[in-house]
Amino acid sequence: MEAVAEGLWELAEQHEQSREIGKAVKCLEAICQSPISFLPIVEIKTRLRLAALLLKHSHNVNHAKSHLERSQLLLKSIPSCFELKCRAYSLLSQCYHLVGAIPAQKQILNKGLELSAISGDGFAGRLWYCNFNSQLANALIIEGDYHGSISALEQGLTSASEMFYPELQMFFATSILHVRVMQWDSTNLVEESVNRCNLIWESIEPEKRQQALGLLFYHELLQLFYLLRICDYKTAAQRIDKLDGVMKFDLQRMQQSQDLNNEVGALNHSSSGKTPLEPAYFGNVKRACEEKLELAPPPIDGEWLPKSAVYALVNLMVVVFSRPKGLFKECQKRIQSGLQIIQDELVKLGITEGIKEVELQHSAIWMAGVYLMLLMQFLENKVAIDLTRTEFIEAQEALLQMRNWFVRFPTILQACESIIEMLRGQYAHSVGCYSEAVFHFLEVSKLTQSKSMQAMSHIYAAVSYICIGDAESSAKAVDLIGPVLGAIDSFVGVREKTTALYTYGFLLMRQQNLQEARVRLAAGLQTTHTYLGNLQLVSQYLTVLGNLALALHDTGQAREILRSALTLAKKLNDIPTQTWVLSNFTVLYQQSAEKGSEMENIEYQRRKVEELQQRLVIASSSVHHNELIEKVRIQAHQLNENEMKRAIAGPSKTVDLDIPESVGLLTPQRTMPSAARLMDLNIGRLGKRKL
């Protein structure tokens, strides 16, 4: 009977290589369902292989789980078989993870750790020990146990160090950094993890570093998220250029491999009756095209994200760095590229038009979360760019897409609700609906538990209150901005500080406290210019400072400041800021008695105001305008407890993609979506015509 089993195994292997998965499954099931009993070891190997096949090529997680649980029962009566027992534990852990049975997953992983710790099976035993610690760390993250997760990863790192395996050390070191960045309870601890990763990475031989493409992307992207959080844009820009170059080189290599593969296929097709060339000579071509960005050797499930998701993420990083600099053409190209990658992958997962969250297969949910979160990040940046460029209709369309995706996938995208509300407020403010903007900004502070995002939402609401202009609204603005300023040094980086100083300075100016306003605004401008490089925020700082200089009758300084502000506003196609600057130039020419320049400026200002009014009329007459600004939160069907477990449970480091806090790591609660910090929302649509 053993010969029969080996024959069916071989046949199943051939069918799998031919992508005939159904036939391969039938071959293996024939052994399990045979009326004649096979040896227990034969049945165990068959069921393990069948479970792996189902997990890899189908959505039938429960079927795979049944085979593994049966294998585990059979293995209990066999004293040896260390490798098979570990494989059963590992695969069963993945099944429990996919169906959201985290307590059962932790239990099976602890059994695996106990077995691998006492096995004394040398190198292979240590690899299994590392594998179980890696999976346990991810299971603990789901429950919000950061300390336990880091402890498991530290155990893996220690084992890798004892094996003198620097690449494996790097895997665990970067995983620890990932959790530190995600948790961020101490900047010093994050910095220590960053430095440790750098030391281990440098200890790996250069040739091996080039071969470890998955580790390279994982390491570099985590470094980027850290640098973004502390607002070290200068260093981060160098890293994103390097990462983008690596991606482009790999894409070129993959295309060359694909072209070669196509040529081989054509030769095989034309050489009828002859032995195909591909298996013997070009067998590595197809594998190169389908390779994963693996982080660690088998049996460790070391892939962080699929290659397509990583490359979409690199494009997103380019957008994040290019947008504040006003490089909108490059941003649009990268956004289009990223969206195309994501749409293609969503179709592969069965997410087509009309498909909703509850209709997804178990095993498609976690990967859908990766691509859907990326999709929302791209759309978020698109809305920000469109609002900056005064393209209100395009901003409406992108914002509606975000809303529709959220309504269809409210549990997977629950962290995006606060982003959407923030953007609704930003849109309302941009079109002059300040009361509605206040409503949406304050809703954000209720939806998020992030202190940073709460602070930003209060700052934006304060700006909208200032623009309303009455005494009551100004008092409310003071109530919102005061607590933020009181805690300003508690935030990581300077993003909150620069926007808070801008808002407070603007408020002081409206209250005619000009000297204090000048001090605050000058400090904020210097910090913004030094650390952020956000051209729109710089142009708005300059415009307010130019207005202050006019109020203080310093026309010489006002002229230089306003000239710089207008140059930046033109580069960004920021029409509201342009009209604001031009109105200040009119006052400047009146003070300087430059009648000719005044008339010329008034005419230019009139054309810009008309252009802005036309865009506002078109936007407000859109059928979607009122639903975007109305003072109502988005209504979406919330899943029940069992459905939610399905939607939030995912494999290692792949769901709830959030930059930079939790890229690819599962989070136990609604967190602040990172891009809310990254995009530096345009707080400067400040009612320029009123000023």
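I start with a definition: a residue is buried if its relative accessible area is under 20%, exposed if over 50%, and partly exposed in between, using a 1.4 Å probe and protein chains only. This is a predicted model, so local features need pLDDT of at least 70, and side-chain atom pairs count only at pLDDT 80 or more, while totals for chains, interfaces and linings use all residues. Residues are numbered from 1 along each chain as its sequence is written, and side-chain values use heavy atoms, with hydrogens and water left out.

Aromatic rings come next. Rings of Phe, Tyr and Trp (for Trp, its six-membered ring) pair if their centres lie within 6.5 Å; planes under 30 degrees apart are stacked, over 60 edge-to-face, and the rest tilted. The search of the whole structure gives 12 aromatic pairs. One of them is Phe123 with Tyr165, a stacked pair at 6.0 Å centre to centre and 20° between the planes. Phe123 is in helix α7 (residues 122–142) and Tyr165 is in the loop between α8 (146–162) and α9 (166–183), so this pair links distant parts of the chain, 42 residues apart. Helices here are DSSP runs of H or I with at least four residues, numbered from the N terminus. Buried or exposed, or in between: where does Tyr165 fall? Tyr165 is partly exposed, with a relative accessible area of 22%. Phe123 is also partly exposed, at 47%.

Some rings have a charge over them. The rule asks for NZ of Lys or CZ of Arg within 6 Å of the ring centre and within 35 degrees of the ring normal. Arg229 has its charged end over the ring of Trp184, 4.6 Å from the centre. Arg408 lies over the face of Trp405, also at 4.6 Å from the ring centre.

Now salt bridges, meaning a side-chain nitrogen of Lys or Arg within 4 Å of a carboxyl oxygen of Asp or Glu. How many salt bridges does the structure hold? There are 37. Among them is Arg49 with Glu13, whose closest N and O atoms are 2.8 Å apart. Arg49 is in helix α3 (residues 40–57) and Glu13 is in helix α1 (residues 2–17), so the bridge ties together parts 36 residues apart in sequence. Another joins Glu627 and Arg403, at 2.3 Å from N to O. Because Glu627 lies in helix α30 (residues 625–629) and Arg403 in helix α19 (residues 392–408), that bridge ties together parts 224 residues apart in sequence. Glu627 is partly exposed at 26%, and Arg403 is partly exposed at 22%.

Turn to the buried side. All 16 of the 16 residues of α16 are buried, so this helix is largely enclosed by the rest of the structure. Ser452, in helix α22 (residues 451–468), is buried too, with a relative accessible area of 8%. The side chain of Ser452 makes a polar contact with the side chain of Glu496, at 2.3 Å. A polar contact is a pair of N or O atoms within 3.5 Å; within protein, one must be able to donate a hydrogen and the other to accept it, and residues adjacent in sequence count only if both atoms are side-chain atoms.

Last, the cysteines. Cys27 is buried at 9% relative accessibility, and Cys433 is buried at 16%. A disulfide is a pair of cysteine sulfur atoms within 2.5 Å, and by this rule the count is zero.

Note on methods:
Helix = DSSP H or I, 4+ residues; strand = E, 2+ residues; numbered from the N terminus.
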